[in-house]
Amino acid sequence: MPFLKYECPMCKKIIKVNYNQTISRGEVLFFMQYNCECGFSSDEDSTIIPEKFRDEIIQESGLWQLKCYDKIKCLKFLRQKYLYSMEKIKELKKVELITFEGTATEMKALGNKMEKEGIKLIIERIE
Ligand SMILES: [Zn+2]
């Protein structure tokens, strides 16, 4: 499991934090585990990933892009599942190709959901 040196939220000592980003029941989950000498420990899953860890994952495994080839279906999906506003949808209608960027895990989870709706897409590493 990858790890990062991180400041203990209690005593501010620099500790080793194990972390990972996985897909669980279709959702992206961030896992973080550490034990500090001061007694503070954490072993938890969260749907929210701290920016520092996300940056680290992108540094290590690259930045990925999902390209969506089914504009109408894609917009419908974003409106229904991600509650995009009409304003945002209108903006996206003007775009030639709808794309998303993120970690490999994030793009895979999003891609899986879109493919279930029959949306044609590709996912590739861009950085
Ligand atoms: Zn501590």
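Student: Where does Q33 lie?

Tutor: Strands here are DSSP runs of E with at least two residues, and helices are runs of H or I with at least four, both numbered from the N terminus. Q33 sits in strand 3. Keep in mind that this is a predicted model, where local features need pLDDT of at least 70, side-chain atom pairs count only at pLDDT 80 or more, and totals for chains, interfaces and linings use all residues. Residues are numbered from 1 along each chain as its sequence is written.

Student: Is Q33 buried, exposed or partly exposed?

Tutor: Count the other C-beta atoms, placed from the backbone, within 10 Å of its own: 20 or more is buried, 12 or fewer is exposed, and in between is partly exposed. Q33 has 16 such neighbours, so Q33 counts as partly exposed.

Student: Which residues is Q33 in contact with, leaving aside neighbours within four places in sequence?

Tutor: A contact means that the C-beta atoms, placed from the backbone, lie within 7 Å. Q33 has N18, S42 and D43 as its contacts on that basis.

Student: Now helix 4. Why does its span agree with what it should be?

Tutor: The expected span is 1.5 Å times one less than the number of residues. Helix 4 (residues 104–116) has 13 residues and should span 18 Å, and its end C-alpha atoms are 18 Å apart, so the two agree.

Student: And which residues of helix 4 are buried?

Tutor: An α-helix has 3.6 residues a turn, so residues three or four places apart point the same way. In helix 4, the buried ones are E106, M107, A109, L110 and M114. They cover an arc of only 160° around the axis (taken from the directions from the helix axis to the C-beta atoms), so they are on the same side of helix 4. The face turned away from that buried side carries the exposed N112, E115 and K116.

Student: What do the buried residues of helix 4 pack against?

Tutor: Their partners include strand 2, strand 3 and helix 2 (71–81). Just after helix 4, G118 takes a positive phi of about 80°.

Student: How far apart are the C-alpha centres of domain 1 and domain 2?

Tutor: Domain bounds come from an automatic or database domain assignment. Here that gives domain 1 (3–61) and domain 2 (64–125), with C-alpha centres 27 Å apart. The contact takes 10 residues from domain 1 and eight residues from domain 2. On the domain 1 side, helix 1 gives the largest share, four residues.

Terms used:
Contact = placed C-beta atoms within 7 Å.
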